[in-house]
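Student: I have a structure to go through. Can we test its labels against their definitions?

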Amino acid sequence: MIEVEVRLFAYFREGRGKKQLMKFQEGTTISQVIEALDIDEKEVSIALVNGMDGSLDREIKDGDIIALFPPVGGG
Amino acid sequence: MNGYMGKVLRVNLTDRTIKVEPLDLEVAQKYLGARGLGVKIMMDEVPANVDPLSEENKFIIATGALTGAPVPTSGRYMVITKSPLTGTIAIANSGGYWGANFKATGHDAIIFEGRGDKPVYLYIEDDNVEIKDASHLWGMTSSEVTEALEKEHEKAKVLCIGPAGEMLSPMAAVMNDIDRAAGRGGVGAVMGSKNLKAVVVKGTKKVSLFDEERTKKVSQEKIKILREDPVAGGGLPSYGSAVLVNIINESGVLPVRNFQQSYTEKADLISGETMTEKHLVRKNPCYRCPIACGRIVKLADGTIVGGPEYETVWSFGADCDVYDYDAINEANMLCNEYGLDTISAGATIAAAMELYEKGYIKDEDIEADGLSLKWGDAEAVVGWTKKMGLREGFGDKLAEGSYRLAESYGVPEISMSVKKQELPAYDPRGVQGHGITYAVNNRGGCHIKGYMISPEILGYPEKLDRFSLEGKAAYAKIFHDLTAVIDSIGLCVFSTFGLNLPDYVDMYNAVCGDIYNDETLLEAGERIWNLEKLFNLREGIDSTHDKLPRRLVEEPVANGPSKGHVHHLNELLPEYYSVRGWDEEGIPTEETLERLGLEEYKKYLVLSNK
Ligand code: SF4
């Protein structure tokens with residue numbers, strides 16, 4: 001098992017909280033993390049792993065910080 | 001005249017004369033209006049090298065063809081003058097209700113000249129235009145002067161300066177509707193130097209439309225796009241622009257302690273989510289805006305005031321290492337009342353904190369003020385904002401801005417500024433394209449005239465690799481030209497969270513007539529950008545000023561996800577100049593000026609070529 005920190009922002013927090021430690025099997029992808037959180041993948045605009053962008057089929061590693069955002073903007 | 005009202009007011013404050021001049025429609029259409037029109041007037045009427053705070057400088061307020069028209073986000077106006085902060089062209093934009101109401105008086109623009117021998121304000125009620133005594137208003141804050149003038153002129157809208165503008169602070173803003181600001185470049189000080197306290201407007205006229213039915217249809221279509229867009233119709237209205245705090249921080253791009261760090265574990269304390277949860281009273285939309293990003297918040301003492309934008313939350317917050325929302329809300333309110341630009345004000349306090357940390361500012365310098373300059377001192381940040389606004393004690397020195405402050409200690413590099421204007425809330429070492437905007441922006445360090453954060457972090461209109469240099473110069477150029485279009489037609493740049501170039505063509509043509517297509521409208525933006533560049537070159541501000549602070553190009557980011565990166569400006573600039581059709585020195589070529597219909601300004605190329 002590996003453990004990652006998941007941080008949620010904007011309305012993803014509703015009913016889910018701001019951050020949590022979660023345990024997954026080795027080889028789990030970001031997509032599967034999103035699914036485990038009961039978030040519709042289509043609503044995820046930005047998924048950062050340790051601050052870096054990338055595809056949702058990336059595999060997560062022990063100790064990763066995963067930040068999930070719906071579309072946000074401003075200026 | 002469709003879209004335009006056809007009249008320009010020329011107000012000479014020295015001899016107290018008011019002239020109504022016809023708007024040259026051909027010129028207006030070529031330069032679109034607002035920003036473009038104002039820059040053109042500055043170029044044609046103000047000679048090179050005038051002192052920005054002298055009678056020779058002009059102070060222009062201009063609307064766009066779509067300002068006040070029945071299309072979304074049409075409440076914008078522009079202030080154009082020569083900046084006392086940067087010495088460049090100043091182009092500052094604001095929303096609220098004043099702009100549309102001014103246009104409803106039947107005028108497109110006002111050109112203020114000279115200087116009043118005592119404080120005055122301008123009152124415009126349709127065709128009745130009067131210069132009135134403002135002696136009783138001098139010294140008043142934005143809400144005080146607005147209340148006083150609204151009592152005198154029922155249902156009028158007020159644009160004004162606060163004490164910071166009166167006292168000529170080069171970071172003074174022009175305020176309207178109490179808490180909306182044409183913030184950057186010290187435009188409030190130019191108004192103050194003219195002894196002009198306020199412009200009060202009350203209008204009953206309508207913008208005439210080329211095709212009323214089409215305008216209605218096009219407008220409904222664009223409102224629908226904005227409402228359905230997840231940012232313009234979701235994130236922005238729900239959380240305000242401060243919704244950015246977390247994404248910018250999680251990406252390692254949030255400047256902390258005057259750009260010494262680029263990430264903080266405490267960011268959520270000052271996020272849009274936290275503001276919404278703990279401080280928000282309600283939303284505060286501008287004229288005809290379906291987005292409604294503006295905030296109304298409750299201060300610690302229960303007072304209800306305009307809330308801070310993302311940039312402000314950062315400047316008084318993370319940049320000073322402060323994570324106290326009550327303090328940030330109060331500093332923001334003080335800036336609105338005294339008429340200070342929130343980015344420059346907060347960033348100047350941050351620079352002062354670094355100067356103190358490094359031993360340049362000594363305890364004895366600030367002892368009499370009873371305020372510290374220690375990182376994270378929230379109470380001191382509020383205290384210094386007040387003293388800056390009133391130029392009290394050491395606040396008098398802070399009111400000159402971070403560049404002049406740091407320079408006075410022999411270390412100008414501690415000022416995180418470009419062309420002496422404080423940089424906003426993104427560390428360009430983690431967003432390479434955005435750094436181009438900082439360096440080349442004609443009004444000095446600023447994010448909004450080419451917001452590369454959109455593609456580099458937010459994924460609008462598509463996602464780019466934020467560390468890559470490839471193609472960034474060309475991308476930035478398009479953003480610069482598109483923003484010049486939006487500023488000049490009189491709409492809000494936040495509408496780009498949903499709308500694209502063809503949408504602006506649709507709206508302009510429905511209101512003004514079938515004049516532009518995608519290509520020619522974007523080219524009009526390019527024309528405006530080049531004319532601003534020529535204005536700066538005429539002032540001797542050439543590409544040697546297209547620089548980032550040393551820290552950003554030499555010192556790698558210290559912490560967070562962008563750790564180890566520097567900004568590669570030297571690699572990006574030649575490409576930017578080249579896609580602009582400028583020579584290696586960053587000077588437009590004759591062919592470029594010809595292509596853009598700027599032949600008449602070729603003579604300034606000779607001057608600027610030394
Ligand atoms: S998006 Fe925000 S700033 Fe722009 S017009 Fe609407 S409320 Fe005003």
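**Ligand and interface**

Tutor: The ligand takes up the space of the largest cavity. The model is predicted, so local features need pLDDT of at least 70 and side-chain atom pairs 80 or more, while totals for chains, interfaces and linings use all residues. Residues are numbered from 1 along each chain as its sequence is written.

Student: Which residues are around the ligand?

Tutor: Those with a heavy atom within 4 Å of the ligand. Among them are Arg76(B), Arg180(B), Cys286(B), Gly294(B) and Phe494(B). The shell divides into seven nonpolar, one polar and two charged. Cys and Phe count as nonpolar, Arg as charged, and Gly as polar.

Student: Why is the pair Glu265(B) and Arg7(A) called a salt bridge?

Tutor: The rule wants a side-chain nitrogen of Lys or Arg within 4 Å of a carboxyl oxygen of Asp or Glu. In Glu265(B) and Arg7(A) the closest N and O atoms are 3.6 Å apart, so the pair qualifies. Five salt bridges are found across the interface of chain A and chain B.

Student: How many residues does the contact take from each chain?

Tutor: With contact meaning heavy atoms within 4.5 Å, 22 residues come from chain A and 31 residues from chain B.

Conventions. Chains lettered and ligands numbered in written order. Heavy atoms only, no water. 1 Å grid on protein atoms, 1.4 Å probe; cavity = no way out; pocket = protein on both sides within 12 Å on 5 of 7 lines; lining within 4 Å. Sits in = over half its atoms within 2 Å of the grid points.
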